[in-house]
Amino acid sequence: MAQDIRNSASFRDPSGFLFSREGVLYRQVNRVYQADFEKLLGSGLYGDLIDKNLMIPHELMEDVTSPDPETAYQIIRPEQIPFISYPYEWTFLQLRGAALTTLRIARVALQHDMILKDASAYNLQFYQGSWKLIDTLSFETYHEGSPWVAYKQFCQHFLAPLALMAYLDKRLNHLSRLFIDGIPVDLAASLLPFQTKLRLGLLTHIHLHARSQKRYAEKGVRPNQVEDKLSLKALINLLESLRNAVKNLSIKLGKTAWANYYEETNYSKEALEEKKAIVSEWISQVRPENVWDLGANVGIFSRLASQEGIFTVAFDADPDAVAQNYIQVRKDHEKELLPLQMDLTNPSPGLGWAHQERESLLARGPAQLVLALALVHHMAISNNLPFEKLSKFFSQIGKYLIVEFIPKSDSQVQRLLRSRKDIFTLYTIADFIMAFGYDYHIIDQRVIRDSERTLFLMKSK
């Protein structure tokens, strides 16, 4: 008998749940959701969302048995997403794109006499170059006069973090790691500057929203106990108001050292081209199904894989570099590249109930091939990480590794050492090879012409 594994993030919704069987992800639709599910399909909403590229498709699985037959109505097989990312790993532009997609889906649902009941940012994924809803059970039948039950959730998951990023600091999306149900609007209201009260959308959906929540709390009642009826026209106006509030938020992309790394690096044109040729050769040699590019910057080397049809996740700690990468993905309609913001010295942990609702970076691996180019010197010198720990970490997240060693004589390493004492007596290529030799077999190594840098192709033991 195949063993069913319940998805650790899929237990809050009584409408159904996700489970895996033999490596394939399925979703059970429970009987309590039967009427809404049939309406989703019968009203044309499902087909419309698929045609508009706003939701992942699914197959009805008549021959797949349920892990919980007493509650089951239908088993479906959603299109498989190769990597699940989370809002605290997205840049401002990505979160805004997901927010606008959520509101568009809500508007489309109303055209089919249904309403989006769940506006969680975790239900959106950037997949094949666009934002898509991945939770098929997010809709219910619309009844005239009903309030939008997902309003608070939308404000917490999207509008609050976007406003904080736009007015205070673009790195504040990381607050979503602390608040798995979204950033509370009262917290956002207390942090945002006074000028945000002069913006109608933020005044209404953050500041007045926070004030009303406080008033209800002081009266000892829940907001949904005192909400007035909301006509269809008023609901549409609410969605449009939220859309305007989101669209009016923006940030400036700064010229950071790493976002412009390849414009300022000490590589000659010939050395850079040779490095790309070597990495491309090794990618073809390994033939991975997926690639994780750690410290991807704006994605120059990520695209050596993604443009060959290999699904590639491009991680970088610099939000401006990730944003530039994302802009290019959208501009060029790239389908196999996912840019994400990630500090590898403090990667995404397991979060939520029992630390399992949101998976850690390690739990979402391993990748078949990891790229660590122009990265090791940053982690070893800026963050005091020994080669042994880097080797162990890389070996846990990927089978093959393409890694670059940059010696102390390189100007980029000297740049890092200018502001600190050189205590790195074991920072030599011999120490590097010895440390990585505990976890890897070295398949190939090459010195990049016109430089002192060395590339290694390794396979985890």
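Trainee: Ala 374, then: buried or exposed?
Mentor: Ala 374 counts as buried, at 11% relative accessibility. Buried means under 20% relative accessible area, exposed is over 50%, and partly exposed lies in between, using a 1.4 Å probe and protein chains only.

Trainee: What should I know about the model itself?
Mentor: It is predicted, so local features need pLDDT of at least 70 and side-chain atom pairs count only at pLDDT 80 or more, while totals for chains, interfaces and linings use all residues. Residues are numbered from 1 along each chain as its sequence is written, and side-chain values use heavy atoms, with hydrogens and water left out.

Trainee: Back to Ala 374. Where is it?
Mentor: Ala 374 sits in the loop between strand 13 and helix 12. Helices (H or I, at least four residues) and strands (E, at least two) are DSSP runs, numbered from the N terminus. Ala 374 also has a positive phi of about 50°, although it is not a glycine.

Trainee: Which other residue has a positive phi although it is not a glycine?
Mentor: His 355 has one, of about 60°. His 355 is in the loop between strand 12 and strand 13, and it is exposed, with a relative accessible area of 62%.

Trainee: What about the peptide bond from Gly 365 to Pro 366?
Mentor: That bond is cis, with omega near 0°. Pro 366 is in the loop between strand 12 (337-341) and strand 13 (367-372).

Trainee: New topic. How many residues are in the largest nonpolar core?
Mentor: The largest nonpolar core has 108 residues, and those with the most contacts inside it are Phe 139, Trp 148, Phe 387 and Phe 394. Helix 3 supplies the largest share of this core, eleven residues. A nonpolar core is a set of buried Ala, Val, Leu, Ile, Met, Phe, Trp, Tyr and Cys residues joined through side-chain atoms within 4.5 Å.

Trainee: What does Phe 394 touch?
Mentor: Not counting residues up to four places away in sequence, Phe 394 touches Leu 294, Ala 372, Leu 375, Val 376, Leu 401, Phe 436 and Tyr 440. Contact means heavy atoms within 4.5 Å.

Trainee: Phe 436 is in that list. Which residues of helix 15 are buried?
Mentor: In helix 15 (residues 429-437), Phe 432, Ala 435 and Phe 436 are buried. They lie on the same side of helix 15, because they cover an arc of only 90° around the axis. The arc is that of the directions from the helix axis to the C-beta atoms.

Trainee: Why would they point the same way?
Mentor: An α-helix has 3.6 residues a turn, so residues three or four places apart point the same way.

Trainee: And what covers them?
Mentor: The cover for the buried residues of helix 15 includes helix 12 (376-382), helix 13 (387-397) and strand 14 (398-405).

Trainee: Last one. Lys 275: buried or exposed?
Mentor: Lys 275 is buried, with a relative accessible area of 0%. Lys 275 is in helix 9 (residues 269-286). Lys 275 and Arg 446 are 171 residues apart in sequence and 9.5 Å apart in space, C-alpha to C-alpha.
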